[in-house]
Amino acid sequence: MITLTEAPFDPGALLGGFCRERAETGAVATFTGLARAEGGQARVLELEAYPGFTEARIAEIAEMARTRFSLDDLMILHRVGRIAPGEPIVFVATAARHRRAAFEACDFLMDYLKSRAPFWKKEHGPDGARWIEPRDQDHADIARWETP
Amino acid sequence: MARVLLFGPLRDLAGWRERTIEPAPASVSALRALLASEDRELGEALVGPGVQVALDQVLVRGDAPLHPKAEVAFLPPMSGG
């Protein structure tokens with residue numbers, strides 16, 4: 001399930017729901033990303049998406065993960081709009097028969113969401129606003145999955 | 001009538017996020033040239049590093065012809081999570 005939402009969410013409640021009614025899943029892994037305060041430099045984070053296109057691109061990323069790691073299921077929830085420091089931005093859950101696939105799929109999904117999913121992030125702080133560009137580390141992270 | 005969408009820093013640079021152009025230019029490159037003729041700085045940014053183009057919500061590489069109701073989005077480097 002892929003969801004974009006403007007509303008804050010409770011990662012614990014999402015995990016509880018995701019684990020329910022599973023007979024053959026042996027492992028669930030999750031990742032929750034939070035908005036950092038950056039020592040007071042970030043007051044609000046503004047996340048922009050391209051409605052329709054963003055969901056479709058995330059669905060492609062999800063399908064890659066589902067196939068590559070033979071997942072039973074996955075869930076991606078991503079905030080858009082204005083996000084305060086300390087609030088969750090993204091929640092990813094993966095379900096597989098065994099733990100390694102669940103862990104790795106979670107890692108894979110986050111690397112792709114970071115720099116391949118159509119989101120643009122603007123940080124509003126006391127000295128004005130700035131757009132956040134993907135870091136070299138984000139590109140290096142994704143390259144780990146693309147080398148044969 | 002082509003619909004043009006700008007995202008992220010491109011939107012701030014141009015001072016608009018969405019506009020329509022009548023009649024639709026013949027191609028993505030013709031659209032880019034038209035926008036550059038109105039706003040040189042935006043024209044340069046549209047061919048800047050990592051900027052991708054989506055035509056009717058599908059990524060296109062290089063040039064592509066536009067139909068009369070095309071939706072063209074200019075997508076600067078993405079940053080999620």
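**Where chain A meets chain B**

In this predicted model, 27 residues of chain A are in contact with 21 residues of chain B, contact meaning heavy atoms within 4.5 Å. Put together, the two chains bury about 1900 Å² between them, with 55% of it on carbon and sulfur atoms. Buried area here is the accessible area (1.4 Å probe) that two parts lose on being put together, summed over both. Over in chain A, the residues that lose the most area to chain B are A:Y50, A:F53 and A:W120, together 35% of what that side buries.

A quick word on bookkeeping: residues are numbered from 1 along each chain as its sequence is written, and chains are lettered from A in the order in which they are written. Since the model is predicted, local features need pLDDT of at least 70 and side-chain atom pairs count only at pLDDT 80 or more, while totals for chains, interfaces and linings use all residues; side-chain values use heavy atoms, leaving out hydrogens and water.

Now for the charges. The rule finds four salt bridges across the interface, each a side-chain nitrogen of Lys or Arg within 4 Å of a carboxyl oxygen of Asp or Glu. A:E48 forms a salt bridge with B:R17, and their closest N and O atoms are 2.6 Å apart. On the side of chain A that touches chain B, at least two residues each come from β3 (44–49), α2 (53–68), β6 (88–96), α3 (99–115), β7 (119–125) and β8 (128–132). Helices (H or I, at least four residues) and strands (E, at least two) are DSSP runs, numbered from the N terminus.

One residue to look at in α3 of chain A is A:S115. Why does A:S115 count as buried? Because its relative accessibility is 7%, and buried means under 20% relative accessible area, with exposed over 50% and partly exposed in between (1.4 Å probe, protein chains only). Leaving aside residues up to four places away in sequence, A:S115 touches A:P134, A:D138 and A:I142, plus B:M78 from the other chain.

Turning to chain B, you'll find three helices and five strands, running β-α-β-α-α-β-β-β from the N terminus on. The C-alpha trace of chain B spans about 35 × 25 × 20 Å along its principal axes. Of its 81 residues, 48% count as buried. As for contacts in chain B between residues at least 6 apart in sequence, 50% join residues at least 24 apart.
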